[in-house]
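Biologist: Hi! Could you walk me through this model while I have it open? I'd like to begin with the ligand.
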Amino acid sequence: MIRDFSFFIPVKLVFGEGKLAAAGEEVRVLGKKALIVTTGDLFKKTGLVDRLVANLTASGVQSAYFSDLSPNPLHTEIDAAAAFGKKNGCDVMIGLGGGSAIDAAKGAAIAIGHDRPIWDFCMGPDQAAITAKTLPVVAITTTAGTGSEGTQWAVITNKATLEKPGIGSDYTFARVAIVDPELMASMPQKITASTGFDALAHSIEAYTSTLATPITDMYCEKAIRLIGKYLRRAVKDGNDKEARNGMALANTLGGFSIAVAIVTVCHGLAHSVGGVANTTHGESLAAMTPQTMRFSMRGNPDKFKNIGMFLRDEVVNVGQDRLEDSVREVERLIADVGLANGLAKQGVKVTDIERIAEGVIRYMGGSITIDPMNPGRDDLIGILKKSM
Ligand code: NAD
């Protein structure tokens, strides 16, 4: 019996090698002057920003450029980007980069559109609603992991409170997502591995979430199969075009899945870990995914037992102990792509554990209530200790 669900992903996906060239024509429909947002000046140095600017100009779109943003963008940096965009009369945002740049573009779109600091929309009893005033966003992704180009979410960090919530509404989807695998070829091995693991974690969590739908199940299965087939290859040889293509698609399919079925306990924990210890998102997920799978699989064994089969791109699921097989297959992938580092090696201290668990409950509560095992505080502490 298929239970009721709704499905809303209002993103125009432009996928394929060389599709950066479509940017001008796509942006032209949405605004007259674009604010191009990157985290740091890497893409200015490589000439990518200049290529984008030339492409926009050829389509009659003016632009301004802001790069003073960190990976895991801070709310204060997003406010600065918004002030810069407003001063320059920008009416459309372009996030050029990984999830951090795209999320910063979404954050600036919210802040400029409502003329309010972004943190007002993030936390607290007076949290402001995100409305249709949000400016349009075009996401040009250069990593294959967060799926931010396909989600309504923007993840924003507050260094003062050590919090890292994900915010979003129907108005914060990118209007256009340009997913050009050529832009991902320059990712170093470590970033390929950690972002690729993020895509896997999205797909596992959305597949096993209590909000999973028949459509997201198809996306997740396809994404997990692609990641099993291509992540090792993309890490080994960044110029393997077939592997980059496969990972680029897996990334966006994972994004579409978490737009609807959201994420579960591992992502809840990773946000709180990142707020406290400023870890690399995909690396902290790799440290915690095996333990969260072992914890949550009892709540949805029929789904969890398929993960190993999907990762090996098999169609028959036979043999003993399919649940543990799924966890072992994930652990094998983690080891093969060089991500087998516990949280302690990533800078998380034992004394941080309670604060991290409490952070999940305080501002990532949705991720635990839709987890098939709905973990409590002690469960979260147990998972964190085992993932150190
Ligand atoms: P990132 O955007 O933080 O980038 C990491 C580093 O990789 C940066 O230094 C960046 O300059 C570099 N980089 C990016 N593309 C490159 C390329 N092609 N070549 C060389 N270097 C490149 O990494 P990310 O993992 O894509 O994003 C992480 C952020 O996204 C976190 O804050 C995470 O919480 C958030 N996130 C958001 C969503 C969402 O739906 N909005 C989902 C998951 C995660």
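Modeller: Happy to! A backbone N or O atom of Trp 153 sits 2.8 Å from a nitrogen atom of the ligand. Keep in mind that this is a predicted model.

Biologist: Which side chain has an N or O atom 2.8 Å from an oxygen atom of the ligand?

Modeller: That is the side chain of Thr 143. There is also a backbone N or O atom of Met 187, which lies 3.4 Å from a nitrogen atom of the ligand.

Biologist: How much of the ligand's accessible area does the protein cover?

Modeller: On its own the ligand has 870 Å² of accessible area, and the protein covers 89% of that.

Biologist: Nice. How many residues surround the ligand, and which are the closest?

Modeller: There are 26 residues around the ligand, and the closest are Asn 72, Gly 99, Ser 100, Thr 142 and Thr 151.

Biologist: What is Thr 151 in contact with, leaving aside its neighbours within four places in sequence?

Modeller: With those neighbours set aside, Thr 151 is in contact with Lys 106, Thr 172, Phe 173, Ala 174, Gly 255, Ile 258 and Ala 259.

Biologist: Changing topic: how many salt bridges does the structure hold?

Modeller: It holds 26 salt bridges. In one of them, Arg 362 pairs with Glu 163, and the closest N and O atoms are 2.7 Å apart. This pair links distant parts of the chain, 199 residues apart: Arg 362 belongs to helix H14 (residues 353-363), while Glu 163 is in the loop between S6 and strand S7 (166-168).

Biologist: Are those two buried or exposed?

Modeller: One of each! Arg 362 counts as exposed because its relative accessibility is 51%, whereas Glu 163 is buried, with a relative accessible area of 8%.

Biologist: Which residue forms a salt bridge with Asp 217?

Modeller: Lys 303 does, with the closest N and O atoms 3.1 Å apart. Asp 217 is in helix H7 (residues 214-236) and Lys 303 in helix H11 (residues 301-304), so the pair links distant parts of the chain, 86 residues apart. Both Asp 217 and Lys 303 are buried.

Biologist: And what about Glu 329: which residue is its salt-bridge partner?

Modeller: Glu 329 pairs with Arg 312, the closest N and O atoms being 2.8 Å apart. Glu 329 is in helix H13 (residues 322-336), and Arg 312 is in the loop between helix H12 (307-311) and H13. Glu 329 is buried, with a relative accessible area of 8%, while Arg 312 counts as partly exposed at 27% relative accessibility. Salt bridges that share partners join Arg 312, Glu 314, Arg 322, Asp 325, Glu 329 and Arg 332 into one network.

Biologist: Last one: which residues make the nonpolar surface patch of about 280 Å²?

Modeller: Ile 2, Phe 5 and Phe 7 make that patch. Ile 2 is in the segment before strand S1 (12-15) and is exposed, with a relative accessible area of 63%.

Terms used
Residues are numbered from 1 along each chain as its sequence is written. This is a predicted model: local features need pLDDT of at least 70, side-chain atom pairs count only at pLDDT 80 or more; totals for chains, interfaces and linings use all residues. Side-chain values use heavy atoms; hydrogens and water are left out. Patches are made of residues with over 30% relative accessible area and no salt bridge: like charges are joined within 9 Å, nonpolar side chains (Val, Leu, Ile, Met, Phe, Trp, Tyr) within 5 Å. Accessible areas come from the Shrake-Rupley method with a 1.4 Å probe; for residues, only the protein chains shown count as cover. A salt bridge is a side-chain nitrogen of Lys or Arg within 4 Å of a carboxyl oxygen of Asp or Glu. Helices (H or I, at least four residues) and strands (E, at least two) are DSSP runs, numbered from the N terminus. Buried means under 20% relative accessible area, exposed over 50%, partly exposed in between (1.4 Å probe, protein chains only). Contact means heavy atoms within 4.5 Å. A residue is near a molecule or strand if one of its heavy atoms lies within 4 Å of it. A polar contact is a pair of N or O atoms within 3.5 Å; within protein, one must be able to donate a hydrogen and the other to accept it, and residues adjacent in sequence count only if both atoms are side-chain atoms.
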